[in-house]
Amino acid sequence: MSRGTVIDLCYLVAAVSFILALKGLSSPKRARAGNLLAAAGMAVAIGVTFAQPHLDHVGLIVIAMVIGTAVGVPAARLVKMTAMPQMVAAFNGVGGGAAAVVSITEFIGSDPKQVATYKVLEVVFGVLVGALSFAGSALAFVKLQELITTRPVVYPAQQMINAAVGVASLGIVLAILITSSTALIWVLLALALILGVIFVLPIGGADVPVLISLLNSFTGLAVAASGFTLNSNVLVVAGTLVGASGMLLTRMMSTAMGRSLPNILFSAFGSVVTASGATESADGRSVRAGTAEDVGTLLAYSRKVVIIPGYGLAVAQAQHTAKELADALLARGVDVFYAIHPVAGRMPGHMNVLLAEANVPYEELKEMDDANPELATADVALVVGANDTVNPSARNTPGSPIYGMPIINADSAENIVFLKRSMRPGFAGIDNELLYDPKTTMLFGDAKDTLKKLVAAVNKA
Amino acid sequence: MTNGLLELFTIFILAGFVGIEVISKVPSILHTPLMSGSNAIHGVILVGSMIVLGSAHTGAEEALGFIAVILATLNVVGGFVVTDRMLHMFKPRQAPPSGPAAPEPPEKPADGSAV
């Protein structure tokens, strides 16, 4: 066997490991092994690339890899679990950027006169999609990190402007295909970066996770395009795997939110805040604010308590205190479990990760469909920093922006307790009827502080 | 269309179907780790970046290749480390609610809510 054959076989091994890894990541038991398998496959692919004949600048390659590792590993290790979504966005963005740069470099290094049109098409696709993913992910990071507003950014004639930039990009693509001009590729790069930014601006914070999943899929396709350009099987296989599975995952996520993908991407959802900031709404209804002592007693003498966590719990880093409260109640013989909305937190599954971090066992976590029948017999629904995911207007108000989104039926419990910072609406920017329900008690303040007070109150009761 | 292109195109189409089939039944709790894991997998662009830098002829190509390798390395190491940290949180089922946690790797306290 020649050296080239051995190298190609190693790439095949890597490609197979990626497929098995995705399979493993679909099951809780094998997920971690799956990820490690993919990492091993990646190590094989990188290792044999060093054995490629005619590989120059090995020193430079190693230096660049050391720099990337020195930045990437601490960043990935030190980030808080609550900041995970923006980290995924950042690492996705750099991948897209790398794909765009690879395509550009390969293009300017070749003689334009001798390049077949399909080769140019591959390059153009890689640059356009890779750069769009890079800029879009960067903005998604900035939004989730709350460096700019998490609400949709809208301006006059937005759709027209976006469409104009899109059409201009396509025009440049055609011009490059006809002329094979290397100068125009830089224009395309600039337009793709702008496109990435203006594409993400009107998307609100709550929808950004779905967007990241979509951009993840885009990066996969850009990598596949680079694979075509470089004639590399492993790049095509891995890129396409991610591109295809990412599209499916994006659809699963938007289904979990009860919305269509175009609606998420183009409707500037939640740009208008319709709720008032006061404890009294425009039509004069008021909410009932309670004390931690009252609620603590209520919880301590309940038979069944359902905790419904939301992003507020994550922001307040209150997952450990929530577990303390649950343990205190369990010790008193109260039946306690957590009802997890599929999109609770900032990403589907994010809440499970946060609660798992606090050592909450699996059995205490119930997914929405299993939790809803139980809520009808629950004494207390304790809503910790969630809002839109328990808003009954998703069921009752056809005109509501979140109408049709599956929700956790907190309203069917006998008592409802909201732990909330203020009356501010959730990401969807709409008022929540449930806050004004006579069965509802509000506990205002930081979720962690309030939970601490509740633990103390339960222990005293 | 050359045979080489046709071959790649065949691989592309088949890999697309595999990608869809392989994750068709994933519980929503694993959506985030799955996204993060597949994010790490497209870090395979590092192989392409290495090839591009390794075959650079001009200074401009070298500079671009160098940037590509840095970016792609970030994608690979960051992607895998973040995914592993997420999945590390999923504890095995047998742990009793009040039992002491298994010994944690040293980075654990820095992750969480201690700050």
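Trainee: Where in chain A is A:Val306 found?
Mentor: A:Val306 belongs to strand S1 of chain A, residues 304–309; helices (H or I, at least four residues) and strands (E, at least two) are DSSP runs, numbered from the N terminus. Please note that this is a predicted model, in which local features need pLDDT of at least 70 and side-chain atom pairs count only at pLDDT 80 or more, while totals for chains, interfaces and linings use all residues. Residues are numbered from 1 along each chain as its sequence is written, chains are lettered from A and ligands numbered from 1 in the order in which they are written, and side-chain values use heavy atoms, with hydrogens and water left out.

Trainee: Is A:Val306 buried or exposed?
Mentor: A:Val306 counts as buried because its relative accessibility is 0%. Buried means under 20% relative accessible area, exposed over 50%, and partly exposed in between (1.4 Å probe, protein chains only).

Trainee: Which residues is A:Val306 in contact with?
Mentor: Leaving aside neighbours within four places in sequence, A:Val306 is in contact (heavy atoms within 4.5 Å) with A:Phe337, A:Ala339, A:Leu375, A:Ala378, A:Val380, A:Ala381 and A:Leu382.

Trainee: Let us turn to charges. How many salt bridges does the structure hold?
Mentor: Over all chains there are eight salt bridges, each a side-chain nitrogen of Lys or Arg within 4 Å of a carboxyl oxygen of Asp or Glu. One of them pairs A:Arg395 with A:Asp411, with the closest N and O atoms 2.5 Å apart.

Trainee: Why does that pair tie together separate parts?
Mentor: A:Arg395 lies in helix H16 (residues 393–396) of chain A and A:Asp411 in the loop between H16 and strand S5 (415–420), so the pair ties together parts 16 residues apart in sequence. A:Asp411 is buried, at 17% relative accessible area, whereas A:Arg395 is partly exposed, at 37%.

Trainee: Which residue forms a salt bridge with A:Asp446?
Mentor: The partner of A:Asp446 is A:Arg421, at 3.8 Å from N to O. A:Asp446 sits in the loop between strand S6 (440–444) and helix H17 (447–460) of chain A, and A:Arg421 in the loop between S5 and S6, 25 residues apart. A:Arg421 is exposed, at 56% relative accessibility, while A:Asp446 is partly exposed, at 23%.

Trainee: Now the two chains. How many residues does each give to the contact?
Mentor: Chain B gives 85 residues and chain A gives 111 residues.

Trainee: What area is buried between them?
Mentor: About 8,900 Å² is buried between chain B and chain A, and carbon and sulfur atoms give 74% of that area. Buried area is the accessible area (1.4 Å probe) that two parts lose on being put together, summed over both.

Trainee: And how many salt bridges are counted between chain B and chain A?
Mentor: The count there is one salt bridge. B:Asp84 forms it with A:Arg32, the closest N and O atoms being 2.9 Å apart. The elements of chain B that give two or more residues to the side touching chain A are helix H1 (3–22), helix H2 (31–41), helix H3 (45–54), helix H4 (59–88) and helix H5 (108–111). H4(B) provides the largest share of that side, 26 residues.
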